[in-house]
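Biologist: I am new to this structure. Could you take me through it step by step?

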Amino acid sequence: MLRKIMKGGHRKPSKSEANEPSSYGIGPPAPGSNVVVSHASRGGALVNSSLSPVTATPPLSSVEPLPLFRDVPVSERQTLFLRKLQNCCFLFDFTDTVKNNAREKEIKRQTLLELVDFIQSGSSKISESCQEEMIKMVSVNIFRCLPPASHENTGQEPADPEEEEPYLEPSWPHLQLVYELLLRYVVSTDTDTKVAKRYIDHSFVLKLLDLFDSEDPREREYLKTILHRIYGKFMVHRPFIRKAINNIFYRFVYETERHSGIGELLEILGSIINGFALPMKEEHKLFLIRVLIPLHKPKPIVVYHQQLSYCIVQFVEKDYKLADTVIRGLLKYWPVTNCAKENLFLGELEEVLEATQPVEFQRCMVPLFQQIGRCLTSSHFQVAERALFLWNNEHIVGLIAQNRSVILPIIYPALEKNIQSHWNQAVHGLTTNIKKMFMEMDPELFEECQRQYEEKQAKSKQVDEQRQYTWKRLAKAAADRDRAGEEDHMITS
């Protein structure tokens, strides 16, 4: 309950709104009022100033019921459309339980449903001025200050994103329909991109991207679908959208490590990467190196790892030469003390190796199997088990078999250590199976590795014994010196 109260309190402005001139904003509501009337200037930042002004219908004093579209002549539907848009520009406070304005809220909800049906049916092509007013209405409703995360209000350490309960937007009954209206407008075959791009411009896209930080998963799902459709329909916006998403990722990785919509943004990018033409542009390769690979560093990777892994694998499948870059990037950010994260990395590594060609594999196999060797002997049985499961993949086994003369000497000590001292029986059994596999694959190499391991162990034991003997001699010399000192002291006294 305390969190709900705090969520409804002070709200943080979005990055784009923080820099927006005050003349484009909505003024504060009057004290005690639970209905905010949006000013016509709210959408000013979204519209090109060179466009001719739209003749608006007289402003409504309150939300009022209007006739249905089917009940008016076709010639009057555009005017009715504008009046319904004005009705929907009233914003209600859904957190106010005293003055809930149930009737007005229901009128707005029904009006939004009518607008969605009107756009979806395509029965009447809406004019340019109506499109402009519709985008203004959408902007008034969806572009708002997002509530702060709980740790921002309390000063506590951020909780685990998986365990933290998401904040559900109270105004969702209206907000959902506004998003649905925008989506239907974007995907409609009647929407002319040459006209629509004047209103769905860079400013609009930036504000849309700011909303991805919403904690409400329902809202992020709509935003993901809408932005993806905008990217597909408005080719002129594509480079700008990619750059803006990159900036969100940069800020997340290097500054905040807090953002609710990383997974959704990566889903959009997964689809975009899938459509990259070959040969791949340098810009896209830099995106992989500077953005996607560093995204393995933040602690909350578990929330978005599935989408990130898909994007990474898409790059390798598109251009197999990137496999070495990706694998070395994974090794760079490999977790040391986080076993859950290490399991995620091993799963992703397997997917990348499946798309790796022998030449690229040979470039990185030494540091790769040095790390795999460390995973094999992990005291956390799930990490050791996940690393051993790599040998269940036929493609990976084939790569290992081709380069066994290099790989087996690296991992043989780890296999022996598991058999001799690992506490988990499943890990012990899997290790035994892999040893048998190598023995059948190349008996001579296996025996050579075994001989070298035994020699190294014997030498290590000899060095250890020598060290112990040296310490004993030092201890004895120190004791003799102390005893001699005591005798001299007794003689002199």
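Modeller: What follows is a short tour, from the overall fold to single residues. Please keep in mind that this is a predicted model.

Biologist: Understood. How many helices and strands are there in the protein?

Modeller: The protein contains 22 helices and two strands.

Biologist: And what share of the residues is buried?

Modeller: Of the 493 residues in the protein, 46% are buried. The accessible surface is about 26,000 Å², and carbon and sulfur atoms account for 52% of that surface.

Biologist: What can you say about contacts between residues at least 6 apart in sequence?

Modeller: Among those contacts, 75% join residues that are at least 24 apart.

Biologist: Let us turn to the core. Which residues of the largest nonpolar core touch the most other members?

Modeller: Leu292 and Trp391 do, in a core of 125 residues. Helix α7, residues 172-187, gives the most to this core, namely ten residues.

Biologist: What does tryptophan 391 touch, not counting residues up to four places away in sequence?

Modeller: Its contacts are Phe369, Ile372, Leu376, Val397, Ile400, Ile411, Ile434, Met437 and Phe438.

Biologist: Back to α7, then. Is leucine 182 buried or exposed?

Modeller: Leucine 182, which lies in helix α7, counts as buried because its relative accessibility is 1%, below the 20% cut-off. Leaving out residues up to four places away in sequence, leucine 182 touches Ile135, Val138, Ile142, Phe204 and Ile226.

Biologist: What about isoleucine 230? Where is it found?

Modeller: Isoleucine 230 is in helix α10, residues 217-233. With 0% relative accessibility, isoleucine 230 counts as buried. Beyond its neighbours within four places in sequence, isoleucine 230 contacts Val186, Ile200, Leu208 and Ile241. Isoleucine 230 and lysine 197 are 33 residues apart in sequence, with 9.7 Å between their C-alpha atoms.

Biologist: Why is helix α3 described as largely enclosed by the rest of the structure?

Modeller: Helix α3 covers residues 77-87, and nine of its eleven residues are buried, so the rest of the structure largely encloses it. The buried ones are Arg77, Gln78, Leu80, Phe81, Leu82, Lys84, Leu85, Gln86 and Asn87.

Biologist: And what covers the buried residues of α3?

Modeller: The cover includes strand β2 (90-92) and helices α4 (102-121) and α5 (128-142).

Biologist: How do α16 and α18 pack?

Modeller: Helix α16 (residues 339-354) and helix α18 (residues 381-388) meet at an angle of about 5°, and their axes are 9 Å apart. The two helices are therefore roughly parallel to each other, since angles under 35 degrees count as such.

Biologist: Which residues meet there?

Modeller: From α16, Cys339, Glu342, Asn343, Leu346, Gly347 and Glu350 meet Gln382, Val383, Arg386 and Ala387 of α18.

Biologist: Is glutamate 342 buried or exposed?

Modeller: Glutamate 342 counts as buried because its relative accessibility is 8%. Residues up to four places away in sequence aside, glutamate 342 touches Trp334, Pro335, Gln371, Cys375 and Val383. Its C-alpha atom lies 9.8 Å from that of alanine 387, which is 45 residues away along the chain.

Biologist: One last topic, the loops. Where is the cis peptide bond?

Modeller: A cis peptide bond joins leucine 278 and proline 279, with omega about -5°. Proline 279 is in the loop between α12 (262-274) and α13 (282-292).

Biologist: And what is the phi of glutamate 257?

Modeller: Phi is near 55° there, a positive value in a residue other than glycine. Glutamate 257 sits in the loop between α11 (238-256) and α12. Glutamate 257 is partly exposed, as its relative accessible area is 26%.

Definitions and conventions. Residues numbered from 1 in each chain as written. Predicted model: local features only at pLDDT ≥ 70, side-chain atom pairs only at ≥ 80, totals over all residues. Heavy atoms only, no water. Helix = DSSP H or I, 4+ residues; strand = E, 2+ residues; numbered from the N terminus. Buried < 20%, exposed > 50% of the residue type's maximum accessible area, 1.4 Å probe, protein only. Contact = heavy atoms within 4.5 Å. Areas by Shrake-Rupley, 256 points an atom, 1.4 Å probe, with all protein chains shown as cover. Core = buried A, V, L, I, M, F, W, Y, C linked by side-chain atoms within 4.5 Å. Axes fitted to C-alpha atoms, helices over the stretch in contact; angles between N-to-C directions. Parallel < 35°, antiparallel > 145°, perpendicular 65-115°, else oblique.
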